[in-house]
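Subject: A structure for you to look at

Hello,

I am passing on a structure that I have been reading through. Please open it next to this email and follow along.

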Amino acid sequence: MRGTQTINSKGHLTIGGVDTVELAKQFGTPLYVYDTALIKERARQFKSAFSKHSGLKWQVAYASKAFSTIAMIQLARELDLSLDVVSGGELYTALKAGFPPERIHFHGNNKTQDELELALQAGIGTIIVDNFYELQLLNDLCRDRNQRINILLRITPGVEAHTHEFIMTGHDDTKFGFNLDNGAAEKAVRLAMEASHLDLKGLHCHIGSQIFETEGFVRAIQLIYEYIERWSETGFQLEILNVGGGFGIKYVESDHPLFIEQYVDKIVAAVTGESERLGMAVPEIWVEPGRMMVGEAGTTLYTVGAFKDIPGIRKYVAVDGGMTDNIRPALYQAKYEAILANRAGEQADEEVAVAGKCCETGDILIKEARLPSCSSGDILAVFCTGAYGYAMANHYNRLPKPAVVCRLCRTRRSDACCPP
Ligand code: LLP
């Protein structure tokens with residue numbers, strides 16, 4: 001049980017005091033249910049982890065790619081977060097939600113001219129420039145519009161972090177950013193400083209996702225400072241250092257992520273330490289959590305339908321959703337845990353495979369789920385689906401996208417709820 005999840009006197013799972021079985025009845029399944037109290041708690045933890053470092057300037061930007069709806073962006077606004085968007089669609093959603101444009105940061109490795117124009121027209125705060133094409137295009141567009149814009153350059157530091165490990169790749173084979181080791185980053189810094197309509201405020205890096213250690217962040221920060229030292233004669237001033245997102249969460253019992261404060265403390269120590277070493281002012285530190293902000297707050301409800309028991313091999317329990325509402329198990333072999341929401345207190349004495357309803361053998365949501373022996377009509381609750389579930393939902397087999405309910409508003413039309 002996470003956040004505000006409990007079991008009520010009927011033996012039903014409740015979230016935020018609301019009976020999930022009633023939610024399933026009212027809105028149908030599959031259904032994404034968000035515990036907004038837990039999202040608020042995560043935002044509070046980030047803010048308090050930073051604010052205890054007195055004198056430090058910082059921003060926590062919610063990476064909206066993890067879950068972007070108008071209601072969610074309005075919550076991010078209420079929580080005084082900044083916002084990271086990666087497309088015209090995410091930017092449009094943010095603007096529709098009334099998010100202050102100056103606190104929006106725009107990412108992406110191939111922003112189109114239309115997207116950049118929308119960003120400039122909306123007056124967004126910062127564009128994270130990813131490549132030489134964009135650097136030129138953005139400067140030209142600003143010149144045509146007689147407008148200036150703050151930018152960060154996305155740097156690829158040669159560090160890749162995954163869960164418990166980080167790897168020094170030396171040179172990075174990735175589509176994102178300016179590589180440090182081959183001179184691309186230095187050239188980008190020089191061009192950005194010369195650009196007539198761009199104000200280069202600093203650097204950005206993002207080293208991976210679902211990270212359970214801090215060494216990768218520290219190593220990336222150290223590398224960036226090593227290069228800044230080498231570029232000293234360019235006159236480049238690091239006013240902002242954005243270290244990206246990637247903070248890992250507990251999907252299953254065997255996951256042991258760090259506390260938010262542990263990540264933040266190590267990042268702050270590395271940035272302040274390196275700045276002191278070079279005799280520089282400590283830059284403003286930005287982070288971009290997506291999964292950490294919303295992952296554990298989301299639960300997906302399904303209705304159990306058909307069964308297939310292959311004696312001695314496996315028992316399949318099929319639900320009314322699958323890889324359309326959560327593609328992560330099929331795409332990344334991601335693991336999840338589930339319970340029966342209508343029989344939440346009962347002993348989980350059977351091991352089954354939870355199958356989706358798509359025409360694809362790999363459409364298995366949980367390969368080895370421990371559940372009470374279930375019947376058709378039971379409501380299955382899969383935990384921790386708040387990040388990259390709805391966001392990556394698709395219409396394979398022409399299945400519709402499920403609704404989202406949260407404490408803020410309850411409606412079937414998730415994207416149309418809470419109109420501005
Ligand atoms: N900042 C940048 C530049 C990113 O590319 C990402 C994620 C984030 C922040 C947020 O990362 P988070 O804190 O959520 O780990 N679909 C995959 C995850 C892809 C992440 C892409 N970038 C998944 O479902 O695991």
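How far does a backbone N or O atom of Gly246 lie from an oxygen atom of the ligand, and what is the distance in Å? It is 2.8 Å for Gly246, in a list of polar contacts (pairs of N or O atoms within 3.5 Å).

Before going on, please note that this is a predicted model, where local features need pLDDT of at least 70, side-chain atom pairs count only at pLDDT 80 or more, and totals for chains, interfaces and linings use all residues. Residues are numbered from 1 along each chain as its sequence is written, and side-chain values use heavy atoms, with hydrogens and water left out.

Back to the ligand. A polar backbone atom of Arg291 is 2.8 Å from one of the ligand's oxygen atoms. In the side chain of Tyr332, an N or O atom is 2.8 Å from a nitrogen atom of the ligand. On its own the ligand has 580 Å² of accessible area (Shrake-Rupley method, 1.4 Å probe), and the protein covers 87% of that.

There are 18 residues around the ligand, and those that come nearest are Ser209, Glu288, Arg291, Arg328 and Tyr388; here, around means with a heavy atom within 4 Å. The shell divides into 6 charged, 7 polar and 5 nonpolar residues, with Gly counted as polar and Tyr as nonpolar.

Elsewhere, look at Phe27, which belongs to helix 1 (residues 20-27).

Enjoy exploring!

Note on methods: Helices (H or I, at least four residues) and strands (E, at least two) are DSSP runs, numbered from the N terminus. A polar contact is a pair of N or O atoms within 3.5 Å; within protein, one must be able to donate a hydrogen and the other to accept it, and residues adjacent in sequence count only if both atoms are side-chain atoms.
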